[in-house]
Amino acid sequence: MTDVTVRPVVDGRLGTSALRPDGLAKTQGTFAFSGDLSADGMLWGATLRSPHPFARIRSIDLSGAWQIAGVAAVVTADDVPGKPTYGLISADQPVFARDVVRYAGEPVAAVAGDHPETCRRALAAIRVDYEVLTPLVDPELAIAGAEPIHPDGNILRHQRIVRGDQDLVGEVVVEGTYEIGMQDQAFLGLEAALAIPDPGGAGVELFVATQWLHEDLGQIAACLDLPADRVRLTLGGVGGAFGAREDISLQVHTCLLALRTGRPVRIAYSREESFYGHVHRHPARIWMRHHATRDGRLQRVEARFVLDGGAYASTSSAVLVNAITHAQGPYVCDSATVEGFATRTNNLPCGAMRGFGVVQACFAHEGQMDRLAEACGLDPVEIRLRNAMRTGDRLITGQVIADVAPVAECIRATAALPLPDEPVGGRDGDPLRLPGGAGLTADVGHIRRGIGWGVSIKNLMYSEGFDDFSTARCRLADGSVTLKFATAEVGQGFVTLAPQIARTVLGVERAVCEPIDTTIGSAGSTSASRQTWMSGGAVLGACRAVAEQVVAHAAQSWGVSTAEVELVDGVLTSPDGRQATVGELSAGRVFEATFEHHHPPTEDLDEDGQGNCHTAFAFVAHRAVVDVDVELGLVKVVQIATAQDVGRALNPLSVRGQIEGGIAQGVGLAVMEEIVQTDGRVRNASFTDYLLPTMLDMPEVVAELIEIPEPRSPLGAKGVGEPPCISSTPAVLAAIRDATGKDLRRVPVRPFDIAL
Amino acid sequence: MSVVVADSLEQALDALAAAPHATVLAGGTDVMVELNLGHRRTDAVVAVARVPELCSWTYDARRATVRLGAAVRYAEIHADPLAAWLPALAQAGRTVGSPQIRAAATVGGNLATSSPAGDGITVLAALDATVHLVSSAGRRDVPVGQFTVGPKRNVLAPGELIEAITVPVARGWQGFSKVGVRNAMVIATANACLAVDEPAGSVALALGSVGPVILRCPEAEAIAAAQCDVAARRASPATVAAFAEAAMAAARPIDDHRSTAAYRRHAVRVMAGRLLRRAMPHE
Ligand SMILES: Cc1cc2nc3c(=O)[nH]c(=O)nc-3n(C[C@H](O)[C@H](O)[C@H](O)COP(=O)(O)OP(=O)(O)OC[C@H]3O[C@@H](n4cnc5c(N)ncnc54)[C@H](O)[C@@H]3O)c2cc1C
């Protein structure tokens with residue numbers, strides 16, 4: 001006979017791999033993404049975009065569009081009732097271009113009609129008379145003082161960091177220039193929204209896939225000249241975000257058309273339009289010079305960063321600060337001389353993407369660490385261990401790292417993970433495992449294997465004085481918990497985590513999330529690896545406040561003081577042994593609390609780039625193993641091993657999902673993902689030519705979670721979303737350098753970079 | 001818009017006779033992309049994917065040929081028994097898109113699209129396949145090398161269909177190679193097919209994505225015929241190198257957003273050399 005164990009606590013608490021509530025629907029295809037939205041009497045909207053990267057608009061003739069049967073509205077800049085521009089940090093981007101277009105793909109007009117085909121015809125019938133100008137596409141020319149292409153000028157931000165000994169010259173000095181191509185977030189769920197106007201046009205309701213409902217709301221209300229309480233947003237099903245849904249794309253257009261026509265309007269982008277409709281990862285050119293002692297101790301970093309922000313500001317200034325403030329990497333370094341520019345050009349606008357500036361910095365500093373290792377005769381692991389930063393060390397901004405900082409632990413744990421047991425050239429003679437895959441280009445004898453490293457530090461949450469708080473409400477009634485928040489669920493799993501928190505704090509089984517909308521305070525953006533910390537903190541605070549109310553209620557009914565009542569795993573106990581469950585105590589009663597979580601304030605950088613500008617940090621190490629067909633320049637990434645500083649794995653399955661997905665994105669940037677532009681025109685706005693890794697390109701991932709609870713984090717957890725895609729890219733490049741002996745300093749690496 | 005989903009060849013040809021400029025729809029993996037992107041407009045469609053005569057194939061043991069109906073799918077071609085008779089076409093078929101695409105994509109559609117990067121066409125060119133065309137006016141045969149006349153241009157007349165393609169069964173080692181930036185589901189940066197005809201003592205080489213149409217490499221083929229011991233599967237390193245150089249010289253690539261002409265030439269040299277070495281493993 002075996003003992004029957006009575007499970008004392010409910011399932012699905014923190015630390016378990018609770019399953020996503022929407023997981024089954026997503027795998028079965030029944031989940032409603034925002035592209036699936038519709039409403040009775042709905043019209044379709046579509047956007048006319050500039051074919052030119054830079055041109056003056058002489059005139060726009062809309063008469064042709066109006067003549068097409070079924071067209072209900074045609075709008076341009078003249079029809080925007082409120083603020084003509086929007087933007088996350090500075091509002092420099094027009095809702096519709098008025099006098100001038102600054103990138104190929106910029107919206108010029110929009111139409112609403114009874115059918116997508118009607119809209120297509122209407123767009124084709126609009127005559128825009130352009131005076132085509134020579135585009136500014138070289139960021140160096142923008143810095144050198146090219147004629148401004150925007151009233152705000154061509155420099156989106158210029159910031160330097162000066163710290164320590166400015167004359168120091170190391171015993172060992174290495175330098176290099178690194179280039180990063182423009183990556184696309186390439187989410188699968190294309191931009192889509194449905195706007196429903198209030199009767200009489202007094203307000204509007206928007207269902208949209210976004211990362212930050214309240215920020216959208218503020219920008220939409222300003223452009224539409226509506227009071228903020230007349231604009232309501234509900235999150236549509238989000239099919240991926242990665243930063244591309246932080247900026248306004250179709251939000252204002254959709255609402256404007258709905259208000260104009262008095263009917264629901266839906267806009268949905270095609271894949272091609274999506275490439276024009278959202279911001280991308282900044283392409284960058286970074287020069288670095290590292291000074292070190294003969295035994296490989298880093299003393300000084302000199303660097304110059306040029307990030308091309310494209311036509312409009314978006315978050316470029318924050319991306320730049322992230323990049324330059326992470327120039328040293330996760331290494332101790334006392335002196336720095338860093339200069340950074342974010343430029344405005346007539347290229348596609350760039351803004352947030354997973355890693356947010358640190359991807360670019362890391363690619364450069366990790367290339368440098370390998371150079372330094374070589375110059376000092378050390379191996380790549382040893383040089384990194386020797387310089388690994390710890391809690392209490394300082395950034396080149398002067399900021400002290402107050403967080404758990406297990407850099408050396410991450411490196412050692414990664415190094416201890418097994419190398420692939422797959423031999424060079426793959427197992428069982430399966431040619432699909434070779435570089436070139438299905439193309440059957442290589443035989444085993446053509447392949448060389450390489451190993452490379454990447455280690456990174458990433459800031460969590462927003463920086464430079466921004467109070468990106470989050471709000472949540474917990475309501476307990478009849479033994480079940482309902483949670484309310486405006487945290488955008490973009491796939492990261494907050495809808496799984498929030499109930500886990502409630503079940504842990506209150507010990508109840510039933511915990512569900514209400515619709516995600518703007519009827520509660522802001523949650524801040526689902527970005528910067530921040531929601532587990534920030535919205536997790538808000539849900540925790542709200543649940544704890546409810547727990548206190550329940551305890552107070554029990555104390556009162558038992559005639560004891562609240563301090564005497566214990567709440568453990570959903571059971572309340574009095575000193576004299578009386579017990580009741582949270583379920584029993586909440587029968588026929590409602591307990592409710594709302595909580596705002598704020599992180600400690602941060603500061604702006606001063607002129608010398610000094611200041612406590614960041615909130616918190618996470619660390620990760622990656623080791624890549626690649627097989628390379630050197631002669632053809634084709635690569636197969638065989639394995640990525642990683643150990644990541646996660647604080648506490650609140651849902652280990654979710655954490656591993658983030659790690660694998662982030663690595664897929666990091667590998668993509670390393671070997672294939674790039675938006676190619678020539679003279680400001682995109683050459684590959686499709687998945688035919690913008691290549692994402694397939695299953696055959698995705699390496700095996702072996703991951704170890706370094707769990708040292710972070711005392712500064714409400715739940716002990718650190719954000720885990722961004723780190724996986726940061727140092728995986730330089731690790732892959734280092735592995736390719738190792739296999740080929742070639743001095744490769746650009747991602748994505750192209751076959752001709754290796755072969756020719 | 002009129003749509004005829006033909007159940008027989010006759011019905012398809014009648015429909016085309018009535019509307020000679022109708023869009024022929026087979027697997028739709030090229031047509032639907034063009035329509036959805038607005039690159040092609042149409043008001044009449046004749047769907048041929050269900051025409052039994054076009055979906056079937058026959059093996060002629062006496063002539064040692066396979067006659068592939070135009071609407072035979074790549075999913076079928078890259079499996080046995082066809083793969084055993086037509087190994088290079090099976091390899092090329094395996095590289096076309098993803099499993100979903102290969103379940104729909106037809107060899108006739110690949111040929112009729114006449115893209116310089118059409119993977120199946122490179123193999124058909126190396127094997128000197130014969131294209132059988134049919135219309136309500138009658139039938140004609142065209143060697144595959146004369147079928148395509150430029151990028152996305154071919155000799156198909158309005159109202160005319162590809163009925164079938166006759167391909168000789170392998171008479172020696174044959175293989176296909178394709179360079180792309182991804183390990184699967186990628187448009188060829190360059191591709192190549194080498195086929196040995198043992199009884200004839202000859203080697204054929206065709207190249208794709210390195211010219212306006214699929215190219216054959218007569219000089220390389222002549223070097224191989226003169227210098228390889230086809231029966232013993234033997235070629236000297238010098239022969240392999242000369243063959244590869246001659247192949248590269250035959251390529252006429254361009255720079256585009258997918259790659260550079262210089263890399264494409266290089267890739268042709270490497271692929272041609274490796275294919276010949278696979279065919280002739282002995283030095
Ligand atoms: C995601 C994706 C990946 C792809 N990858 C590859 C690849 O790797 N390599 C490659 O070569 N191609 C690739 N293609 C292109 C396409 O799949 C192939 O060209 C395919 O073989 C076309 O066949 P189909 O039956 O789908 O043709 P359809 O799209 O139905 O037709 C293509 C053209 O042929 C004409 N046509 C079709 N059948 C006949 C006939 N019997 N007689 C006369 N005209 C006819 C049509 O009118 C049309 O002009 C890819 C396509 C997609 C969408």
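Predicted model: local features only at pLDDT ≥ 70, side-chain atom pairs only at ≥ 80, totals over all residues.
| Property of chain A | Value |
|---|---|
| Span of the C-alpha trace along its principal axes | about 80 × 75 × 60 Å |
| Share of the 756 residues that is buried | 60% |
| Share of contacts between residues at least 6 apart in sequence that join residues at least 24 apart | 81% |

Attention now turns to the ligand. There are 31 residues around the ligand, and those that come nearest are B:Gly27, B:Gly97, B:Gly109, B:Asn110 and B:Ala112. Two or more residues of this shell are given by each of several elements of chain B, namely strand 2 (23–25), helix 2 (31–36), helix 7 (99–104), helix 8 (107–113) and strand 10 (161–168). Helix 8 of chain B provides the largest share of the shell, with five residues. By residue class, the shell consists of 17 nonpolar, twelve polar and two charged residues.

Two packed helices are described by the angle between their axes and by the distance between those axes. In chain A, helix 9 (residues 358–376) packs with helix 17 (residues 728–740) at an angle of about 35 degrees, and their axes are 8 Å apart. The crossing of helix 9 and helix 17 of chain A is right-handed. On the side of helix 9 of chain A, the contact is made by A:Val359, A:Cys362, A:Phe363, A:Glu366, A:Gly367 and A:Asp370, while helix 17 of chain A contributes A:Thr729, A:Pro730 and A:Ala734. Taken by class, the residues of this contact comprise five nonpolar, two polar and two charged ones.

B:Val203 belongs to strand 13 (residues 202–208) of chain B. Is B:Val203 buried or exposed? Because 30 other C-beta atoms lie within 10 Å, B:Val203 is buried. When its neighbours within four places in sequence are left aside, B:Val203 is in contact with B:Leu194, B:Val196, B:Glu221, B:Ala224, B:Ala225, B:Cys228 and B:Ala279. B:Val203 and B:Ala126 are 77 residues apart in sequence, while in space they are 9.1 Å apart, C-alpha to C-alpha.

Note on methods:
Residues numbered from 1 in each chain as written. Chains lettered and ligands numbered in written order. Buried ≥ 20, exposed ≤ 12 C-beta atoms within 10 Å, placed from the backbone. Contact = placed C-beta atoms within 7 Å. Near = placed C-beta within 6 Å. Helix = DSSP H or I, 4+ residues; strand = E, 2+ residues; numbered from the N terminus. Nonpolar A, V, L, I, M, F, W, Y, C, P; charged D, E, K, R; others polar. Axes fitted to C-alpha atoms, helices over the stretch in contact; angles between N-to-C directions. Left-handed = near helix turned anticlockwise from the far one by under 90°.
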